[in-house]
Amino acid sequence: SVREIMEDYLQWYDLLLENVEYKVDLLPWGGTNSLFVLAMKPKKTVGTVVFLHGYLDHVGSYPRWYSFLLENGYQVIAMDLPGHGLSSGLRTGIEDFFEYEQALETLLEQKWVPQEFVAVGFSTGCSVWMEYLHLHSRERRVKALVLFSPLVRLANWNMALMGYNLLGNFVQEIPRTEKKITSDEEVLRFIYTRDPLQEKRIHLSWFLATRNWHERFIHYPVISRSLPVLIIQGRDDTVVDWRYNIPMIQRFF
């Protein structure tokens, strides 16, 4: 049954916690696609966090982060981005970041999502929130924004672009390299050897979409509303060009 499958999922990703109420949903999106959503609610709630994961990642990758929030009384609503995890769509590829934003809107339209929440993103998830706030500059649902290792431009951007220009006409996908994305060896081992939902290949369309989003974002007008924004960034990060990104995000807000 679906219930048993979901229990297996929650157990495998270390998400089964006591005194937490779980809700799982598959939202129809973009014609034939569906979006996987997991909501976790503690007994007493002080607020809600809507969380978007990073590229090549999925909802199940953040058990410690969720338990920290749940222990502090926050309901957590997390969604697999299109082409990731249990959401459908072109695996790891996207035409435009606007599609991620549209998927997020589909989630926020659900009646059970509170009218006020804290928006949290990791890497690409941050880009999606910034795109959303650009398109909905007058909305008041987002009470605060937390950005972990936000993506505006990738590290070694010129190299990545050169690679795309060389390969783009010949191949659609390249194998994912095992980058040291955390100093936690145990987490790395799980990601690269034991997690069936971690993508093994990168669809090159994503690089083009990233480039196009970056070109757009740097010209976006400043957000007119005052919004508390917290950026959390590791200095050993080799995935995003954080020295470039942070001033760009500060300008935007």
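Which residues does Gln-198 touch, not counting residues up to four places away in sequence? They are Leu-56, Asp-57, His-58, Ser-61, Arg-176 and Ile-191. Contact here means heavy atoms within 4.5 Å. This is a predicted model, in which local features need pLDDT of at least 70 and side-chain atom pairs count only at pLDDT 80 or more, while totals for chains, interfaces and linings use all residues. Residues are numbered from 1 along each chain as its sequence is written, and side-chain values use heavy atoms, with hydrogens and water left out.

Stay with Gln-198 for a moment. It lies in the loop between helix 6 (185-194) and strand 8 (201-203). Helices (H or I, at least four residues) and strands (E, at least two) are DSSP runs, numbered from the N terminus. Gln-198 is buried, with a relative accessible area of 3%. Buried means under 20% relative accessible area, exposed means over 50%, and partly exposed lies in between (1.4 Å probe, protein chains only). The side chain of Gln-198 also makes a polar contact of 3.0 Å with the side chain of Asp-57. A polar contact is a pair of N or O atoms within 3.5 Å; within protein, one must be able to donate a hydrogen and the other to accept it, and residues adjacent in sequence count only if both atoms are side-chain atoms.

Ile-191, one of the residues that Gln-198 touches, sits in helix 6. At 9% relative accessibility, Ile-191 counts as buried. Leaving aside residues up to four places away in sequence, Ile-191 touches Arg-176, Ile-181 and Gln-198. Ser-224 is 33 residues from Ile-191 in sequence and 39 Å from it in space, C-alpha to C-alpha.

Now step back to the whole chain. It has eight helices and nine strands. For 253 residues, a compact globule would have a radius of gyration near 18 Å, and the chain agrees, with 18 Å. That radius is taken over C-alpha atoms, and the globule rule is 2.2 Å times the number of residues to the power 0.38. The C-alpha atoms fill a box of roughly 50 × 45 × 40 Å, taken along the principal axes. Of the 253 residues, 49% count as buried. Among contacts between residues at least 6 apart in sequence, 76% join residues at least 24 apart.

Next, follow strand 5 (residues 117-122). Five of its six residues are buried. Strand 5 pairs in the parallel sense with strand 3 (residues 47-52) over four bridges. Two strands pair if DSSP finds at least two bridges between them. Ala-119 in strand 5 is the bridge partner of Val-50. Strand 5 also pairs in the parallel sense with strand 6 (residues 142-148), over six bridges. There, Ala-119 stands opposite Leu-145. From strand 5 the chain crosses through helix 4 (residues 124-135) to strand 6, in a right-handed β-α-β crossover. Right-handed means that, with the strands pointing away from the viewer, the path from the first strand over the helix to the second runs clockwise.

Val-142 lies in strand 6. It is buried, with a relative accessible area of 0%. Its contacts, not counting residues up to four places away in sequence, are Phe-117, Ala-119, Trp-129, Tyr-132, Leu-133, Arg-225 and Leu-227.

Helix 8 (residues 242-252) has buried residues too, namely Trp-242, Tyr-244, Asn-245, Ile-246, Ile-249 and Phe-252. They pack against helix 4, strand 6, helix 7 (205-217) and strand 9 (229-232).

Strand 1 (residues 20-29) and strand 2 (residues 33-42) pair in the antiparallel sense over 10 bridges. Tyr-22 stands opposite Met-40 in strand 2. The two strands form a hairpin with three residues between them, and Gly-30 in the turn has a positive phi of about 50 degrees.

Two backbone angles deserve a look. Most residues other than glycine have a negative phi. Asn-19 has a positive phi of about 60 degrees although it is not a glycine. Asn-19 is found in the loop between helix 1 (2-12) and strand 1, and is exposed, with a relative accessible area of 52%. Ser-149, also not a glycine, has a positive phi of about 45 degrees. Ser-149 is found in the loop between strand 6 and helix 5 (157-167), and counts as buried at 12% relative accessibility.
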